[in-house]
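User: Hi! Could you walk me through some salt bridges and a helix pair in this one?
Analyst: Happy to, here it is.

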Amino acid sequence: MAAKPSKLVTFVWQGKDKSGRKTKGEMQSSSMALVKGELRKQGILATKVGKKRASFGLGGGKKITPMDIALFTRQLATMMKAGVPLLQAFDIAAEGLDKESMRDLVGKIKNDVAGGSTLADSLKNHPDYFDDLYCSLVASGEQSGALDTLLDRIATYKEKTEALKSKIKKAMNYPIAVVCIAMIVTVILLVKVVPQFEEVFQGFGAELPAFTQMVIGLSEAVQSYWHLVLAGLVIFVFLAKRTLKKSKAARDSLDRFVLKLPIIGDILDKSAVARFGRTLATTFAAGVPLVDALDSVAGAAGNVVYADATKKIKEDVSTGQQLQFAMKSSGIFPSMVVQMVSIGEESGALDEMLEKVATFYEDEVDNMVDGLTSLMEPIIMSVLGVLVGGLIIAMYLPIFQLGSVV
């Protein structure tokens, strides 16, 4: 039985070089003795060597994001196209990374590759950052001898999909921000402003207008039960997140619901079509058979409606049906997309047509998000105006009535 390889640890060291100048750095190794030995080979007299502590602050130990992976992939693709050896490309890429966690990840991948593993197998050891689609495309590139081309395609795919996700988040966050701002302003007015008027009204000795009484009652309720309301909101958010995490049925229901929402649903629908086209174009152009490519597309759909439709399309295609007819029978793809796929199948340029579909719908999403942003600005002003104006009117109605009586 082969010995289990020693776990690599990051060590920080300080010392003096051959010229007597102070120097310091980091090195990955399985033991402190090996680090000191390697430093001696480099002519460095180590004065201090120790394990690197984990970073919990706001510095280099930040969480690795998909955009970090996209940037790393782009750097790797560029260097390999320039003829830089893979191991050296890892070193160059790591030096240009700001996040310590990302540098550590690149170092681990490099050590695996240096130990004889393929790049695809090394990436599979880190499934949190490199999904099945990413690894399968890298494997195809290694087998075909066109790793640089495949990495370039993967980099483009990651950049486009992450840019699309960013636009979707922007579209979703804007309405949420409006609601939060409106709630905060309303609570502040009810808790701080309305009670001041209530003290003034107590000396009037006359019955207050119904609207004013309603606002005062709401203010008293908020002051008395705000902690219960806040606790309820926190519990609701916690239970909702827990349910969505644990229950696939809940996630599927949410996916179907959001597609039916006005404006937001249309944006999510178009983004799903764009993701379908981008993923299928990337995998098909990499030489992945269409049936296998559709598996990857279903996994990257991002919405259960399109994931289920893609699985049904895969079943139809595997029985010999053309992709265009399978997509048309699903009933969720726009006719323009089906026509573009039809042209691609007939001309033998399916990947190019799918790229055009993806680009078109990505631009559509971009324009819709910009339009939503422009639309939300006056809506924010209107909502805040109604809330603030309504509360002010409610507070001044008794004063207006008193003036009319006088």
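Analyst: First, a term: helices are DSSP runs of H or I with at least four residues, numbered from the N terminus. This is a predicted model, where local features need pLDDT of at least 70, side-chain atom pairs count only at pLDDT 80 or more, and totals for chains, interfaces and linings use all residues. Residues are numbered from 1 along each chain as its sequence is written, and side-chain values use heavy atoms, leaving out hydrogens and water.

User: Great. How far apart are Lys-312 and Asp-316 in helix α12?
Analyst: They are 4 residues apart in α12 (residues 304–318), so about one helical turn separates them. The rule asks for a side-chain nitrogen of Lys or Arg within 4 Å of a carboxyl oxygen of Asp or Glu.

User: And is Asp-316 buried or exposed?
Analyst: Asp-316 is buried, at 12% relative accessible area, while Lys-312 is partly exposed at 43%. Buried means under 20%, exposed over 50%, and partly exposed in between (1.4 Å probe, protein chains only).

User: How many salt bridges are there by this rule?
Analyst: The count comes to 12. Among them, Arg-74 pairs with Asp-152 at 2.6 Å between the closest N and O atoms. Arg-74 is in helix α2 and Asp-152 in helix α7, so the pair ties together parts 78 residues apart in sequence.

User: Which residues are linked in a network with Arg-74?
Analyst: Asp-152 and Glu-159 are linked with Arg-74 in a network of salt bridges.

Notes
Helices (H or I, at least four residues) and strands (E, at least two) are DSSP runs, numbered from the N terminus.
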